[in-house]
Amino acid sequence: MQPLHWFVLALAVLVIALVIRGLRIVQQAEVVIIERLGKYHTTLTSGINIIWPFFDKPRKIIWRFLVPGAGGEPASYILREMDRIDLRETVYDFPRQNVITADNVLIEINALLYFQITDPIKAVYEINNLPDAIEKLTQTSLRNIIGELSLDQTLTSRDTINQKLRILLDEATDKWGVRINRVELQDIMPPPDIRIAMEKQMRAERDRRAVILEAEGQKRAVILQAEGKREAQIAEAEGSKQSEILRADGEAGAIQRVANAEAEAIRAITKAVGDGGADPTKYLIALKYLDALKEMAGGNTNKVVFLPFEATGILSSLGGIKELLQEKA
Amino acid sequence: MEDWLLWLLAGIVLDILEIFIPGFIPACFGFGCFAAAIAAALDFGLTVQIAVFTATTFIVFLSIRPVFLKLLSKNTPSVATNIERLVGMIGLALDDVSGLQGLVKLEGEVWNSRSDDGRSLPPGTRVRVLRVEGNKLIVTANGVHQSSN
């Protein structure tokens, strides 16, 4: 009874151990690589699985985890051996690295890598320490690609860098059963003196644009003012031309009418004087002469008496007047 | 306390434990405990009780996977994720996909690809993913030829 009792107890312990180590529930998006006596046996997929603990052992993979830094310290990584292989896309944030561009500027870059295990068997058996391998490969490839570009190109062609890098990495990681989905450059930090120079360049560029804009504005303003003046002068000249024409027309009309009236008057006088048998020309001259004298002597302030300088003229006019008087008488 | 009561209690505690520690390991022992409780109630000796516990646990351990696959998989839809999800999807050949090289655009991402039978697939061909090898898609023409739209 007693030995059988112990035997049954030992069997119970064995079964307990078997169950504890033999039942494996694998979660979605995870696989476990099982080796039977050191040789690859099977890949456990999601769901409940049974292995034989005496022969079967999960093969571990080294995986990297991000540990948030305590109290403001930067986050750090720890490596841990896992028997579950995560097939989800994973992101690695690499520490800053120094890279020299084609124009010999030392810049600091910070890359972000998204990758995914596409073939867990290869990821376990073809590469030792996968996270480190991926990191070092990315860093050296990045150095390679940026070494071919100038600083300006580095800053502007992130997309090209990502594309090139992905193609380069894809070839290398094919063997490892890993696919690099994306490589992103987080920061590109030129050295401080270059940054200051870039800032200066930017400021100078802005100043240049400001000065040009101002000059262009002034130019426009001057042109507009000149144009305005020109138009105003043209309008003014046209106005005065119009008014002068009108005035001249008016004057011409007036002169015409006065002349007409005078002609009418002369005709009437001629007729009247001529009927009397006298010379109407002489009468008219005498009339004008008297009129002119009256005008010259006219005005209340004028105390000077104008006399014709030409005696002959006076005499002839007097003669004319006498003749008129004689004729009348 | 009676033996059978102790077994029953242990079984219940183990089943409660199962809620907190998933993986079906405590539950296996729980079933063993329940079986042993029955043996104890039928006045078998301690050796028989332990033997019954061991045998039941072992049987549950062996049958759990087939039972799960038969009963539970009916209610649990199998959702393919990651790489498995890509199989059967339709992508677009970006350049000549031959038995040696080629690029295929799948879900907005460019993949290295090979055709499965070594035939060359011209750019613009709609391709179906057969499997993933390394980080390459193994594709075949989807039958419908797609012009470049």
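1. In chain A, Y92(A) has L113(A) as its bridge partner in β11(A). Strand β11 covers residues 106–117 of chain A and runs antiparallel to β9(A), with four bridges joining the two. Two strands count as paired if DSSP finds at least two bridges between them. Helices (H or I, at least four residues) and strands (E, at least two) are DSSP runs, numbered from the N terminus.

2. This is a predicted model, in which local features need pLDDT of at least 70 and side-chain atom pairs count only at pLDDT 80 or more, while totals for chains, interfaces and linings use all residues. Residues are numbered from 1 along each chain as its sequence is written, chains are lettered from A and ligands numbered from 1 in the order in which they are written, and side-chain values use heavy atoms, with hydrogens and water left out.

3. Strand β9 of chain A (residues 90–93) has T90(A) and Y92(A) on its covered face, whereas V91(A) and D93(A) lie on the uncovered one. In a regular strand the side chains alternate between the two faces of the sheet.

4. Turning to the interface, 38 residues of chain A are in contact with 32 residues of chain B; contact means heavy atoms within 4.5 Å. About 3000 Å² is buried between the two chains, and carbon and sulfur atoms give 65% of that area. Buried area is the accessible area (1.4 Å probe) that two parts lose on being put together, summed over both. On the side of chain B, T47(B), F61(B) and N135(B) lose the most area to chain A, together 22% of what that side buries.

5. Three salt bridges are counted between chain B and chain A. A salt bridge is a side-chain nitrogen of Lys or Arg within 4 Å of a carboxyl oxygen of Asp or Glu. The side chains of K136(B) and D174(A) form a salt bridge, at 2.8 Å from N to O. Elements of chain B that give two or more residues to the side touching chain A are α2 (25–41), α3 (46–75), β3 (109–115) and β4 (126–133). Of that side, α3(B) gives the most, with 13 residues.

6. D170(A) sits in helix α5 of chain A, residues 158–173. D170(A) is buried, at 1% relative accessible area; buried means under 20%, exposed over 50% and partly exposed in between (1.4 Å probe, protein chains only). Leaving out residues up to four places away in sequence, D170(A) touches R179(A), I180(A), N112(B) and N135(B).
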